[in-house]
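Biologist: I am new to this structure and would like to learn how to read its features. Could we take them in turn?

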Amino acid sequence: MKKMSTRARVITGAVAAAALSAGTFGAVSANASAPAAESRAAVKADAHNRNLQQTTHLTVDAATKAAQATLDAAEKAGQRITVAVVDRNGNTIVTLRGDGAGPQSYESAEKKAFTAVSWNAPTSELVKRLESTPNLKDIPGTLFLGGGAPVQAKGAPIAGIGVAGAPSGAQDEEFAKAGVAALAR
């Protein structure tokens with residue numbers, strides 16, 4: 001038998017490796033594209049698993065709709081604000097900073113939204129709780145000023161809308177509630 005050159009061995013090895021990889025990739029791709037019947041049954045069975053919990057979240061489109069309605073309400077009133085919409089976990093979905101809104105309004109809006117969703121209450125109500133529990137204000141990421149409103153589904157908080165930049169927290173909260181109302185339309 002004739003001995004192969006080093007170059008021939010390298011090329012032959014590379015071709016064999018490429019063929020093996022392509023076959024493996026094809027098998028994995030085929031398996032990933034169509035789950036087996038057992039997998040579908042397992043997913044259906046897991047829906048009834050007591051160890052799992054399903055939650056409701058706003059879509060990006062819904063969050064943007066609410067933020068835009070909030071910004072529109074403020075602009076109609078001649079106010080320059082920033083609006084933030086956060087999900088149930090307090091993660092920002094969308095933030096819109098209106099023309100001329102102050103630089104502090106961005107962070108304040110996010111914190112008000114986080115505070116509203118965390119306690120499932122408008123932040124103006126939460127300000128009143130500070131009288132009996134003043135250390136609430138020490139919780140990181142919160143801001144106990146009027147201007148935050150929770151978004152609920154079946155009574156549970158699924159998002160929060162925070163507004164900052166108007167002359168008063170009451171006005172900020174009025175605009176946030178306009179965003180909540182837009183989600184009902």
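Biologist: Which strand gives the largest share of the lining of the largest pocket?

Modeller: That share, 3 residues, comes from strand β4 (residues 156–164). Helices (H or I, at least four residues) and strands (E, at least two) are DSSP runs, numbered from the N terminus. This is a predicted model, in which local features need pLDDT of at least 70 and side-chain atom pairs count only at pLDDT 80 or more, while totals for chains, interfaces and linings use all residues. Residues are numbered from 1 along each chain as its sequence is written, and side-chain values use heavy atoms, with hydrogens and water left out.

Biologist: How is a pocket found, and which residues line the largest pocket?

Modeller: Rolling a probe the size of a water molecule over the atoms shows where empty space is left. On a 1 Å grid over the protein atoms alone, a pocket is an open set of points where a 1.4 Å probe fits, with protein on both sides within 12 Å along at least five of seven lines; lining residues have an atom within 4 Å of a point. Here the lining consists of Q53, Q54, T55, T56, R88, A153, K154, A156, P157 and I158. By class, 4 of the lining residues are nonpolar, 4 polar and 2 charged (Ala, Val, Leu, Ile, Met, Phe, Trp, Tyr, Cys and Pro count as nonpolar, Asp, Glu, Lys and Arg as charged, and the others, Gly among them, as polar). The largest pocket holds about 180 Å³ of space, a volume being the space filled by probe spheres set on the points, which are joined across faces, edges and corners.

Biologist: Where is N120 found?

Modeller: N120 belongs to the loop between α4 (105–119) and α5 (123–129). Its phi is also positive, near 50°, and N120 counts as partly exposed because its relative accessibility is 24%.

Biologist: Which residues of α4 are buried?

Modeller: They are S105, A109, K112, A113, T115, A116 and V117. Their cover includes β1, α5, β3, β4 and α6, where contact means heavy atoms within 4.5 Å.

Biologist: Which residues of the largest nonpolar core touch the most other members?

Modeller: A nonpolar core is a set of buried Ala, Val, Leu, Ile, Met, Phe, Trp, Tyr and Cys residues joined through side-chain atoms within 4.5 Å. In the largest core, of 20 residues, L58, I81, V83, V85, I161, V163 and F175 touch the most other members. Two or more residues come from each of α3 (60–76), β1 (82–87), β3 (148–153), β4 and α6 (169–184), and α3 gives the largest share, 6 residues. Another core, of 5 residues, lies apart and includes A121, L126, L136 and F144.

Biologist: What do the buried residues of α3 pack against?

Modeller: The buried residues of α3 pack against β1, β2 (92–97), β4 and α6; among them are A62, A66 and L71.

Biologist: How many helices and strands has the chain?

Modeller: There are 6 helices and 4 strands, in the order α-α-α-β-β-α-α-β-β-α along the sequence. Of the 185 residues in the chain, 31% are buried.

Note on methods:
Buried means under 20% relative accessible area, exposed over 50%, partly exposed in between (1.4 Å probe, protein chains only).
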